Amino acid sequence: MRAATSIFGLVPIVLAVLLVSGTAYTVRQTEQVIITQFGKPIGEPIIEPGLHFKLPFVQTVNRLEKRFLEWDGASVGIPTKDKTYIYVDGFGRWRISDPLQYFLRISDERSAQSRLEDILGSEIRNAVAKHELIEIVRTDQNRVPSRDESLASAQGGAGLGTLRRISFGRHEIEKEVFDAAVGKLKEFGIELLDLRLKRINYNPEVLDRIYQRMISERQQIAQRFRSEGEGEAAKIGGQKERDLNEIRSAAYRQVQQIRGEADGKASEIYARAYTQNPDAADFYKFLKTMETYRLVLSKDSTLVLSTNSDLFHLLTRIGGK
């Protein structure tokens, strides 16, 4: 009897606890709450953290995130304006700016991610399809690339290392997507905070063409350096030949000068030696005549001589003897 009485005494306490727990609830700083009654929102969203109260059993607490949330889009294959097929991977940051509108139109984060994928993915595809590949790859139209001084100083290398002029750039395209998506997401109580193109990958076939183009460009630069090197080698070789010819010419002139001076000195010595008396002069004349005959006459020589010539008289005397 006493046990039954004690059990009946606990029932009001349990009911009171259930009533209090069903009435009071807390809102964290990272949350915002919408109270629904039979599935229909009641009152304004509760965004202030702390202890709050509701009708038990009738009203339900629906908690929504108040922090910044992320959207990480799937990699999508998109053709650019110049018919280049690329894969674009985008991401963004967003938050729930209108909890009531968000709850009525979407209700949960999973549905919100799906809606973001539809809207942002569609705007990214539209923007990529309207621009050429270089506009999407380049981040800024005012970017100035660093250039190798050897390429800049190369003959005909004025166009090497320079970037083609663009009209927009990736930052402007991201801004274009952001502006187009903000108004559409606002209808769902979502505020888009930021959007970026995280990664751009080429189609494998396009990648092969790009590699071949890079290889061709490097080969063109290498060939230009080879041509310049060959030109410099030919120039150095020509200069070497000119220097050698000048050296040979100067040496030959010096040799002939020395030889002429030596012949002159020898002739002077001979003249002094053979002019000391008449017999010596006659002997010198005879020697020179013999040397001349030795140079003029050979085994098969045929001469037509006058009877008055010295050579005829000499030969006649030699034959008589």
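Modeller: Start at Ser 107, which counts as partly exposed at 36% relative accessibility. On this scale, buried is under 20% relative accessible area, exposed is over 50%, and partly exposed lies in between, with a 1.4 Å probe and protein chains only. Ser 107 sits in the loop between helix H2 (99–105) and H3. Helices (H or I, at least four residues) and strands (E, at least two) are DSSP runs, numbered from the N terminus. The backbone is what makes this spot worth a look. Most residues other than glycine have a negative phi. Ser 107 is not a glycine, yet its phi is positive, near 80°.

Some ground rules. This is a predicted model, where local features need pLDDT of at least 70 and side-chain atom pairs count only at pLDDT 80 or more, while totals for chains, interfaces and linings use all residues. Residues are numbered from 1 along each chain as its sequence is written, and side-chain values use heavy atoms, leaving out hydrogens and water. As for pLDDT, this is the predictor's confidence in each residue, from 0 to 100. The protein averages 81, and 83% of the residues score at least 70. Confidence is lowest in helix H1 (residues 2–23), with a mean of 56. Strand E6 (residues 69–72) has the highest value, 93.

Part of H3 is buried, including Ala 112, Leu 116, Ile 119, Leu 120, Glu 123, Ile 124 and Ala 127. In an α-helix there are 3.6 residues a turn, so residues three or four places apart point the same way. Keep that in mind as you read down the buried positions.

Phe 38 has one of about 55°, although it is not a glycine. Phe 38 lies in the loop between E2 and E3. That hairpin has 2 residues between its strands. At 72% relative accessibility, Phe 38 counts as exposed.

Two strands pair if DSSP finds at least two bridges between them. Strand E2 (residues 31–37) and E3 are joined by 4.

Next, the charged side chains. The structure holds 14 salt bridges, each a side-chain nitrogen of Lys or Arg within 4 Å of a carboxyl oxygen of Asp or Glu. Arg 93 meets Glu 70 at 3.7 Å, N to O. This pair links distant parts of the chain, with Arg 93 in strand E8 (residues 85–96) and Glu 70 in strand E6, 23 residues apart. Arg 93 is partly exposed at 32%, and Glu 70 is partly exposed at 48%.

Strand E6 also supplies Asp 72. Its side chain meets Lys 198 in a salt bridge of 3.0 Å, N to O. Lys 198 is in strand E9 (residues 190–202), 126 residues from Asp 72. Lys 198 is partly exposed at 37%, as is Asp 72 at 46%. Arg 196 forms a salt bridge with Asp 194, with the closest N and O atoms 3.0 Å apart. Bridges with shared partners join Asp 72, Asp 89, Lys 198 and Arg 199 into one network.

Last, the rings. Rings of Phe, Tyr and Trp (its six-membered ring) pair if their centres lie within 6.5 Å; planes under 30 degrees apart count as stacked, over 60 as edge-to-face and the rest as tilted. The count comes to 2 aromatic pairs. Tyr 85 and Tyr 87 make an edge-to-face pair, 6.0 Å centre to centre with 85° between the planes. Tyr 85 is partly exposed at 36%, and Tyr 87 is partly exposed at 32%.
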